[in-house]
Amino acid sequence: MAAAEGRKDGQDSILEPLCFPEQPAEDSSAPSLQRPSTELLVCLFCSESVPLLQKDVLLKHLLLDHKLVIADVKLIADLPKYMLYWKGRFLEQPVTDFCSVIKTNSTGPVEKQEDYFLLCDILPEDRILREKLQQKRLEEVLEQQQRERDDSSFHRLCMFCSEEFMGNRSSLLNHMAREHSFSIGLPDNIVYCNEFLDALQSKLDNLQCLYCEKTFRDKTTLKDHMRKKAHRRINAKNHEYDCFYVINYLELGKTWEEVQSEDDRELVEDEDDDWSDWQAHPVSAVCLFCDHHSDTMDQIYTHMKDAHGFDLHKLKMELNLRFYQQIKLVNFIRRQIHQSRCYGCQETFDSRAEVLRHIMAEGHVMKLPETSTWDQPQYFFPTYENDTLLCTLSDSDEDQSEDTNHGEDVPVIAEDISNLRELKQTSVLNQLLKNRSSCS
């Protein structure tokens, strides 16, 4: 979708972060705590404004019309106030006083170069603003939670047996946990409880499983599925629920899993560090040309070579690619295929499947364009945020280090001593000897 929109506007842009389909062993991304609101988002440079729910429209406008990107938007606690603050600051001072400048096509012709601006929390002023907004949001959430804990007017039916509960929300939550083995957590850990229960009730009304979210033909089938599959629970990796747990508001940019793991480390910090039973999670790297996953890098390289004829090791050796050049090349190929464009000849197609057929049929798998085409700063940024392939690339110099270190007859190249007499006369040691003689 992002690629198609970018081509319609005549821009070569990816308008939102891309991710490969999530694997069971992978870590979850940061929670999205932007709750629905009727507030407006204003453009930082012009009169454009949109409702908060349409923030992607404004972010696209900022990118295409003003060449500005805001980093980690999903971690900003109050985006409307954030935008208003920076709109005022940009009226006072030029954008270059606050933003990092990224020049695209830096080695190409001047007329094809463009400056993009990155607004992020590396700037102390931006970091302080984000922290203040986060602190204010946390205070609001804690106040809301306290009101719900003290509220005695709670009135709701159990979503499983329709028993009526009045008084405090904890009576219903404890009932569902005890009688129906359905727990969404301790009542004191939950905020915006009514909205949370409304979201769950809506899924059940639409005959959706609360865990896997598959839809069934009737309530009886749904009930049997949730019982047999032990799906009478919510999926912790579904970030739709993140805004209902207080722990997700505690620290800027941290998920509840990260906060919990820090607590766990404090509990065991005095224990002996025994790593004998440690097992790494599978790498689960994704092929450049298909959806194939492999648990080791050797397997993914072998798959790409055998199934598609793409030999990354060979390209690295033939082109003498340094580490960061490999990063750029992988990101370049990923982006071209995502945008349905052949990276070898730059021909554009209507779909990913068509461009892959073209690459194979025309023998363009190992055909790369001029180095200046892909060796550009914009390809430092991953096309897919969770691209494990990037984490396993190695420097060519490192690969050869063992061979060069084991040679016994490695020649030692001395300094240039072609003018030995002049070297002796200007030597610092010679001057020190003169000083010593004069002192004695």
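Okay, a definition to start: a helix here is a DSSP run of H or I with at least four residues, a strand is a run of E with at least two, and both are numbered from the N terminus. Before we dig in, this is a predicted model, where local features need pLDDT of at least 70, side-chain atom pairs count only at pLDDT 80 or more, and totals for chains, interfaces and linings use all residues. Residues are numbered from 1 along each chain as its sequence is written, and side-chain values use heavy atoms, with hydrogens and water left out.

So, the helix pair. Helix α3, residues 79-92, packs on helix α4, residues 124-150, at about 150°, and their axes are 11 Å apart. Those axes are lines fitted to C-alpha atoms over the stretch in contact, with angles running from 0 to 180 degrees between N-to-C directions. Because angles over 145 degrees count as roughly antiparallel, that is what we call α3 and α4.

Who's touching whom? Contact means heavy atoms within 4.5 Å. From α3 we get Lys81, Tyr82, Tyr85, Trp86 and Arg89, and from α4 come Glu125, Asp126, Leu129, Arg130, Leu133 and Lys136. By class, that contact has five nonpolar residues, no polar ones and six charged. For the classes, Ala, Val, Leu, Ile, Met, Phe, Trp, Tyr, Cys and Pro are nonpolar, Asp, Glu, Lys and Arg are charged, and the others, Gly among them, are polar.

Last stop, over to Gly167, which sits in strand β7, residues 164-167. Which residues does Gly167 touch, leaving out those up to four places away in sequence? They are Asp151, Ser152, Ser153 and Phe154.

Terms used:
Angles under 35 degrees count as roughly parallel, over 145 as roughly antiparallel, 65 to 115 as roughly perpendicular and the rest as oblique.
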